Amino acid sequence: MLAAYLERYLRRPDLGYDQAVVWGALLYVDRDRAAALDGLWREWLRTAPHTRHRGGDPGPGYLSLVRRLRAVVEECAEGVGGGVPGPA
């Protein structure tokens, strides 16, 4: 689902929706799929008008955010007696 979203919207540099957040999430859950889309991601970063002034690749920052959110979810789940399955 994440990869399908990116395959569609990374082809539209004129649209600045949630591509960077989704990219971070895909890096977290499926690095192989992210690697397959890396060229499209780089092209989107290069051509999207709304990303030019920011500089750099926001992907690592969003990956870090997803990891921190995951940690919060796991901590909360421990408090209610259960773990949360998923990537490590």
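In which hand, left or right, does helix 2 cross helix 4? The crossing is right-handed, a term for the near helix being turned clockwise from the far one by less than a right angle.

The model is predicted: local features need pLDDT of at least 70 and side-chain atom pairs count only at pLDDT 80 or more, whereas totals for chains, interfaces and linings use all residues. Residues are numbered from 1 along each chain as its sequence is written, and side-chain values use heavy atoms, without hydrogens and water.

**Helix 2.** Select residues 19-29, which form helix 2, helices being DSSP runs (H or I, at least four residues) numbered from the N terminus. Of its 11 residues, 9 are buried, that is, under 20% relative accessible area with a 1.4 Å probe, protein chains only. Among them are Trp23, Leu26 and Tyr28. The buried residues pack against helix 1 (2-9), helix 3 (31-47) and helix 4 (59-79).

**Helix 4.** The axes of helices 2 and 4, lines fitted to C-alpha atoms over the stretch in contact, come within 7 Å and cross at roughly 65 degrees, on a scale from 0 to 180 degrees between N-to-C directions. The contact (heavy atoms within 4.5 Å) includes Ala20 and Trp23 of helix 2 and Tyr62 and Arg67 of helix 4.

**The largest pocket.** Finally, select Ala20, Trp44, Thr51, Arg54 and Pro58. Of the 14 residues lining the largest pocket, these are the closest to its centre; lining residues have an atom within 4 Å of a pocket point on a 1 Å grid, a pocket being an open set with protein on both sides within 12 Å along at least five of seven lines. Helix 2 gives the most to this lining, with 3 residues.

Notes. Buried < 20%, exposed > 50% of the residue type's maximum accessible area, 1.4 Å probe, protein only. Helix = DSSP H or I, 4+ residues; strand = E, 2+ residues; numbered from the N terminus. 1 Å grid on protein atoms, 1.4 Å probe; cavity = no way out; pocket = protein on both sides within 12 Å on 5 of 7 lines; lining within 4 Å.
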